[in-house]
Amino acid sequence: MKHFLPFLITIATVVLVLLGWVQSGVVARERMRSSRTPDEAARLLLSQVQARKWDFAHTLLANTGEVEKAAFVRDVAGSNGSLLTYASLEKFDVWPLHNNGREATVRVKLHYSTAVGPLDDVRDLQVEHQGETWRVRWPTTTIAKVAPQVIPVNYLRWDVINRNAEDDWGVQNVDSPQVRILSMNALQRPDRIVILGEIVNEDTIPAYINVGATLLRPDGSPIAQETSFDKISHVLLPKQVSPYRIDFPGIKLDQVKSVRMDAKAMLVPASADPVIEVNRQKLETDALGKKVLRGDLVNQSGQIVNIPHVLAAYYDANGKVIWVSDGYVDQELQPQIPVAFAVDVPDDVAPKVHNYHVVVNHYDINNAS
Amino acid sequence: METGYLRRPIPLAAIVLLALVVHGPLLTMQLPLTTSYDANLHIFFASHYAHHWFDPWNEKWFAGFSQTTYPPLGHQWIAIFSYIVGLREAYALVQLIAVVLLAIGVYRFSRLWVSERASSYAAAFSVFLGAVAFLVYSAGQLSTMLSAPLYLLALPYFYDWSRSADGKGLLKGLVLIWAAASVHHVTLIFGSVLFALPVVWLACIDRHEGRSVAAVLTRAIMFAVVAGIGVGVILLPYWIAIIRHPIEQIPIPHASRSNLLLNLNYLTNYFFVPYGALILALPFVIWIGSANRRLRPLLFGFWVAFLFGLGGTTPVPKWIFGRAFEILTFERFTLSAALLALPIVGLLAESLLDRYRAVAAVGLSAAAAATMAIAMGWLAWSPFHTLSGLNVDSVVEFLNRNGHDRYRYLTLGFGNALPKVSTYANANSVDGEYNSARLLPEMTHYGSAQLTSAKFFGTAGMESVRAMLKHANNYGLKYVFVHDPYYEPMLAFAGWRKIETYDSGTVTVWSKEDVPPARPIQSDAMPAPWEGLLWGTLPLGSSILAILLALLLPDRVRATERVVEFPAPAGERVYAREARG
Amino acid sequence: MPRLITFLSLALLLAIRAHGVELRGPAQVKAGSAFSLSSNGSGEATLYLVGPASVSKRKVQLGSGIPVEAGEIEHAGRYVAIVCSGGDCSSANFYVFASDASKLSLLVHPSRVRVATPNAISAVAFVFDKFHNLVLTPSDVEFRVTPQQGPALTHSQPSSNGVAWVRMTSATKEGPTKIGAAVADASELRVVRQVASDACNLRIKSEWVSGKLFVQTDPVRDCGGNNVPDGTVVSFTKTDEAGKTTVDAPIKRGIARVEMPVSGEARIDVASGVVTGNELNVAGAR
């Protein structure tokens with residue numbers, strides 16, 4: 001016993017550690033380090049991207065010589081304060097599309113965790129058979145650059161001087177902006193009620209707005225209260241219209257007698273820049289068969305827009321707002337350079353869409369307030 | 001060189017002095033408050049008791065939570081001392097008491113297994129234990145650190161009662177167990193398996209001639225039943241809270257649950273640092289522990305605790321704890337393993353000193369000092385840095401002026417500086433640093449811990465923040481303090497506006513205008529007034545009773561000369577001698 | 001009010017109990033004017049002066065006039081003076097009314113108003129004395145409206161219970177207008193910005209510059225010919241074979257201008273808020 005026990009304990013510990021090793025997915029991870037199939041090559045590359053091992057990931061490319069490492073890193077990790085710089089690749093799915101033995105195409109779905117919520121990106125990667133292994137051919141994208149120039153911007157700003165605490169009580173603040181809810185439509189979706197519509201700033205000064213809704217029972221008591229959160233453009237310039245959408249998960253329309261809308265507007269310092277053009281808007285079907293509204297964003301100002309946010313309102317033939325969708329764009333908007341966007345439209349809504357209106361909201365690192 | 005003193009036990013008073021000399025200055029500098037993860041949390045809890053002794057409902061976190069979800073004794077003693085020296089110093093004082101008690105506890109626990117001399121070495125080593133330095137200065141686990149010595153002190157009485165029906169042992173053991181449970185129930189639950197079972201086993205081995213094992217076991221069970229009933233009564237509000245709201249939240253990831261071999265930093269943090277030079281002694285612990293029949297229970301206890309301390313490195317914790325594996329953190333088991341190993345390490349030290357005298361003394365001292373030095377150095381070298389040292393004065397000042405405390409607030413990127421804000425600000429937060437008390441659906445429905453550290457939990461964390469911000473109006477959540485620009489885009493897109501900036505832009509304040517003042521959020525977790533009365537009296541009462549019993553019923557002085565030989569099998573060396581007066 | 005009743009009751013009781021000391025004073029006093037209470041008896045006594053916003057206590061000599069300092073009666077309202085000597089107390093009530101008008105608070109609403117809106121502007125003046133007591137006696141408040149161009153208009157309005165007000169129609173021309181009120185030496189001034197109404201006859205035109213199509217509005221004005229303020233958003237929408245392009249451009253220096261890529265035949269229309277303008281049909285790139 002006295003000689004047997006130490007060995008038993010030692011061996012048992014080693015066996016348990018080995019079991020833990022296997023359970024931790026180390027073996028599976030080791031398999032991931034091979035690239036004997038196009039799938040494995042894509043997984044190997046993405047696992048390195050996930051670990052932010054850029055050097056090694058770059059060496060795994062089939063076209064290492066053609067793709068600059070900096071460009072590759074910019075492609076997968078973002079630059080200039082874009083949304084991707086606030087993101088980490090949480091997981092990815094890979095599935096093959098086509099394989100002829102020498103070349104293959106795999107589709108990857110990248111699930112990012114970002115500062116504004118989850119972000120999914122679907123890409124089709126070309127994979128080549130080189131020697132014994134497969135390697136991903138990374139698309140060589142030439143980064144459009146704007147020629148050195150001066151872009152004159154007539155800065156239009158509104159500054160606010162509020163009353164001082166020492167002022168006489170008769171000295172009022174400037175009145176809050178006048179805003180109006182143009183339309184409101186309550187929809188029953190499979191898992192929720194959605195309140196959507198548009199709001200306009202009717203005033204001659206910018207408005208900082210928040211829209212909320214309270215669902216009321218037949219006896220007038222509230223069922224739930226929600227706000228539009230990020231499904232609205234909070235800063236509205238004079239006469240600007242923004243779509244809004246308020247979701248009430250888990251509630252059925254037949255429980256609701258009425259809806260109380262609440263639009264709060266506040267006077268804030270604001271700037272009329274940047275102006276963002278929304279080009280080539282089209283309703284299309286994407287690679288996954290989903291209906292999307294696609295287009296390009298062009299920043300007409302001279303400063304970088306770090307995180308653009310696209311809000312789209314869809315109208316039926318009667319001009320009624322029937323859906324509002326939104327999406328964050330993972331690239332920054334460089335001056336004058338188009339950046340593509342796509343926002344989802346539910347399949348049952350798409351056939352009814354007669355027109356749409358896109359509003360671009362934005363976050364700038366240097367002007368976050 | 002005269003080395004006769006190396007053949008004598010170190011006096012307990014000298015060990016206590018050693019603990020005071022080593023940890024006293026570090027705690028006087030209030031090191032854990034700026035380096036550890038949980039010290040500010042304990043101060044926050046204590047602050048509530050200092051202001052509302054009989055009302056455990058604390059509105060400062062989670063829009064209201066019950067402090068009956070965490071045993072109160074450590075916090076209550078901090079609250080008591082805070083009336084004299086202030087909260088921060090009171091924390092340091094209680095922590096110092098814990099470290100001193102640990103050395104005494106290790107000594108007394110070791111005396112069950114090994115000689116007085118070896119026990120004194122074990123106690124001396126406990127002062128330098130990496131796990132102790134890790135838990136005190138890095139983890140800030142005051143409760144574990146305070147309940148463990150109380151539990152160790154109780155075990156010899158448990159042994160005495162189980163082995164020889166010592167009535168005084170029963171009384172003192174029970175009171176100490178109740179006090180230990182009043183500090184930290186989790187330590188007691190695991191301690192009952194890892195520490196108490198080996199002691200029962202030992203009591204069976206050491207039973208008086210003619211006495212049956214059944215009698216020993218019966219007394220042990222009796223002890224356990226009475227202790228359990230006592231703990232049930234003393235912590236009744238806790239059990240009510242836990243039954244009413246069992247922990248059903250989605251598990252929160254913790255590094256101690258991972259396979260440590262896959263990450264060198266985790267391995268260092270949860271293995272090399274807590275064990276230090278003890279790692280070198282592990283083969284001897286196994287060898288010596290196996291060689292002697294009396295030490296085998298201790299060896300098994302150590303082995304199980306060691307495997308638990310490895311977290312997800314082996315599948316054992318997952319097999320044993322099932323779903324609880326995802327709730328527990330496993331760094332505390334390294335302390336248990338180390339404490340269980342110490343008596344055998346004391347024996348090893350005794351043997352080395354006998355053999356190599358001064359060389360061994362120097363070597364052992366160096367190993368002990370290096371163990372603690374590495375643990376302290378890891379505070380600086382570790383890639384895991386706490387934010388407990390963050391200056392939050394401007395945040396507190398903002399919340400305490402111009403009626404800002406009529407609203408709730410949220411911090412983002414403050415890490416464990418959140419409790420510091422909450423302790424000194426009058427306003428209430430929707431967030432909190434104590435995961436088990438979270439009941440708001442915005443927090444429990446996602447697999448993330450504190451909102452303030454949401455980004456480290458990926459999508460789950462950010463979705464949790466998003467859900468909370470969406471319901472800002474419901475909670476009166478008007479102010480968000482940001483210490484990490486990562487969170488700014490979500491706030492900006494969600495309708496919050498930056499209104500103030502502090503500390504050269506490192507902290508920004510964001511506000512939303514349409515938020516109504518906070519109103520109390522109704523909760524069925526609010527304890528009844530009688531629960532508050534119970535909570536404010538029984539736990540503290542158990543500790544005062546323990547102190548009184550220690551003073552009024554002193555233990556019999558153990559003579560060092562009259563030695564009773566253990567009934568060890570022939571051929572086995574006797575490692576421990578029990579001495580009785 | 002309950003406090004006042006308590007003090008009055010206390011004073012009444014004290015008056016009933018009083019035997020030796022008697023206190024007399026004027027029925028009304030102007031705020032901030034010193035005066036004397038007369039008393040009989042002799043020796044030292046304690047004077048309590050209970051006012052609507054202050055209570056004071058001091059030692060006084062009976063038999064002669066008890067002076068009440070100006071600073072003790074700055075707040076308008078009912079005061080009770082109680083004098084106690086030994087066990088005897090006596091009291092006197094008097095009323096302090098506001099002093100002469102010397103301050104003004106002016107509330108003007110709204111701060112922005114569309115041009116030519118009837119009765120859209122209200123100006124309310126509150127008349128106070130130098131101690132911030134509302135002057136309840138009628139005072140003539142002179143309201144003065146000073147447009148950006150043209151002579152100022154004045155209107156005198158007596159205050160009633162300390163308040164005087166007027167309603168005004170906004171001018172037909174946009175721009176800031178100053179609205180003031182004056183009483184005695186005090187005057188206050190506010191600014192109301194009169195802004196253009198919605199755009200009227202919104203028109204766009206296009207021009208090619210260096211191969212790029214620029215679309216711009218004519219100067220955007222309301223139906224009264226006022227310039228719509230800069231910053232007002234004008235939405236340009238172009239539809240061509242490439243899809244739809246929208247640009248929300250703010251008016252700068254009276255016009256809104258955007259650059260639009262065009263492929264093939266394109267239709268461009270314009271709107272500002274709920275107002276729509278003309279449509280343009282343009283051919284592809286030149």
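Visitor: What makes S18, S19 and S23 of chain C an open sheet?
Guide: The three strands run in the order S18-S19-S23, with antiparallel pairing. Strands are DSSP runs of E, at least two residues long, and helices are runs of H or I, at least four residues long, both numbered from the N terminus. Two strands pair if DSSP finds at least two bridges between them. S18 (204-209) and S23 (257-260) of chain C each have a single partner strand, so one side of each is left without a neighbour in the sheet.

Guide: A word on the source. This is a predicted model, where local features need pLDDT of at least 70, side-chain atom pairs count only at pLDDT 80 or more, and totals for chains, interfaces and linings use all residues. Residues are numbered from 1 along each chain as its sequence is written, and chains are lettered from A and ligands numbered from 1 in the order in which they are written.

Visitor: How do you know that S19 and S23 of chain C pair?
Guide: S19 (residues 212-217) and S23 of chain C share four bridges, in the antiparallel sense. The definition asks for at least two, so they pair. In S23(C), C:Arg257 is the bridge partner of C:Gln216.

Visitor: Why are chains B and C not called a contact pair?
Guide: Contact needs C-beta atoms, placed from the backbone, within 7 Å. No contact joins chain B and chain C; their closest C-alpha atoms lie 19 Å apart.

Visitor: What does chain A bring to its contact with chain B?
Guide: Chain A gives 39 residues and chain B gives 35. H1(A) gives the most to chain A's side, with 10 residues.

Terms used. Two residues are in contact if their C-beta atoms, placed from the backbone, lie within 7 Å.
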